[in-house]
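Please consult the sequence and the structure shown here while reading.

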Amino acid sequence: MSEALVLGGGGVAGIAWTTGLLTGLAAAGAHVTAADLVVGTSAGATVAAQLGSGQSLAQLYARQADPSLQTEEITAELDLEKIGAEFGAVFEQAADPLGLRRAIGRYALAAQTVPEARRRAVIAARLPSHEWPSSALKIVAVDAETGEPRVFDRASGVPLVDAVAASCAVPGVWPPVTIGPHRYVDGGVRSGENADYAEGFDRVLIVVPMGEAESFPTERPLSEVVDDFRAAGRKVAIIRPDAAAQEAIGTNVLDPATRTPAAEAGRAQGQGQAIVWE
């Protein structure tokens, strides 16, 4: 039976919670990271790359939970009201999903952010290894100019750090990432999870750090993708943060201070989490 693991976006808090969750699941006997394919988007791209680094889950967990082992992050203010107003204006510019992604890309390209090199250094520090893993990994980003999705893998010829940085380039917060003649933004511009890239696998576990919060998918929403999987006879399980994890994650998923509590809450949740395949 083939299995895919889909890891969704959710900022630095999402990285910590997902890492803790996977660690807790493994401690409880559910070794889901041995999946045949891992699909990573934004925070999930970071975790997916870390899983292929050769470090154990215990080591990866410590890098999130132990302040002395945490890598340096750039603190970003997340003004939800301001971002909501700006994206509302962006949404008015487009009449279809591709047009919307292009409009978001224009917004990202025009935004004032930290320098691209500084942001790339943060991503590089997050990854214990900068080599693509031998296991199957897909990292999703979106071309800021064309609006087309781009799936990076070991055969793409793109450095792992650049692929992860592109997938994590939150529009308006972090700079678009330059790869060759193109610039890319966060894969979450297409979908918070991009679970449809796990098409064809018998079982698909989808980890959703943002919980019930709706992202702005410009493709089909997750519920429709899951319905299609199940209609095709696939088994799907979805894990979202429980109440304790939601409290630990808080309202600013980009706040580095959330890492320790989010990781601890994720591990506790994973240790008691039942995976329900439907």
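Ala 163 counts as buried because its relative accessibility is 0%, where buried means under 20% relative accessible area, exposed over 50%, and partly exposed in between, with a 1.4 Å probe and protein chains only. The model is predicted, so local features need pLDDT of at least 70 and side-chain atom pairs count only at pLDDT 80 or more, whereas totals for chains, interfaces and linings use all residues. Residues are numbered from 1 along each chain as its sequence is written, and side-chain values use heavy atoms, with hydrogens and water left out.

Ala 163 belongs to helix 7 (residues 160-167); helices (H or I, at least four residues) and strands (E, at least two) are DSSP runs numbered from the N terminus. Helix 7 is mostly covered, with eight of its eight residues buried; among them are Leu 160, Asp 162 and Ser 167. Not counting residues up to four places away in sequence, Ala 163 touches Trp 132, Ile 139, Phe 152 and Val 158, contact meaning heavy atoms within 4.5 Å. Ala 49 is 114 residues from Ala 163 along the chain, and their C-alpha atoms are separated by 9.7 Å.

Helix 1 has 17 residues and reaches 24 Å from its first C-alpha to its last, close to the 24 Å expected at 1.5 Å a residue. The expected span is 1.5 Å times one less than the number of residues. Just after helix 1, Gly 29 takes a positive phi of about 100°.

The axes of helix 1 (residues 11-27) and helix 3 (residues 57-65) come within 9 Å and cross at roughly 145°. Axes here are lines fitted to C-alpha atoms, for helices over the stretch in contact, and angles run from 0 to 180 degrees between N-to-C directions. On the helix 1 side, the contact is made by Ile 15, Ala 16, Thr 19, Gly 20, Leu 22, Thr 23 and Ala 26, and on the helix 3 side by Leu 57, Leu 60, Tyr 61 and Gln 64. One of the contributing residues, Thr 23, is buried, with a relative accessible area of 13%. Not counting residues up to four places away in sequence, Thr 23 touches Leu 57, Tyr 61 and Arg 267.

## Helix 5

The 14 residues of helix 5 (residues 97-110) should span 20 Å at 1.5 Å a residue, and the end C-alpha atoms are 20 Å apart, which agrees. Buried residues of helix 5 include Gly 99, Leu 100, Arg 101 and Tyr 107. At the start of helix 5, a side-chain oxygen of Asp 96 reaches to within 3.2 Å of the backbone nitrogen of Leu 98.

## Positive phi in two loops

Most residues other than glycine have a negative phi. Ser 42, although not a glycine, has a positive phi of about 55°. Ser 42 lies in the loop between strand 2 (37-41) and helix 2 (43-51), and counts as buried at 8% relative accessibility.

Asn 194 is likewise a residue other than glycine with a positive phi, near 55°. The loop that holds Asn 194 runs between strand 6 (182-186) and strand 7 (203-207). At 0% relative accessibility, Asn 194 counts as buried.

Notes: Polar contact = N/O pair within 3.5 Å; in protein donor to acceptor, adjacent residues only side chain to side chain.
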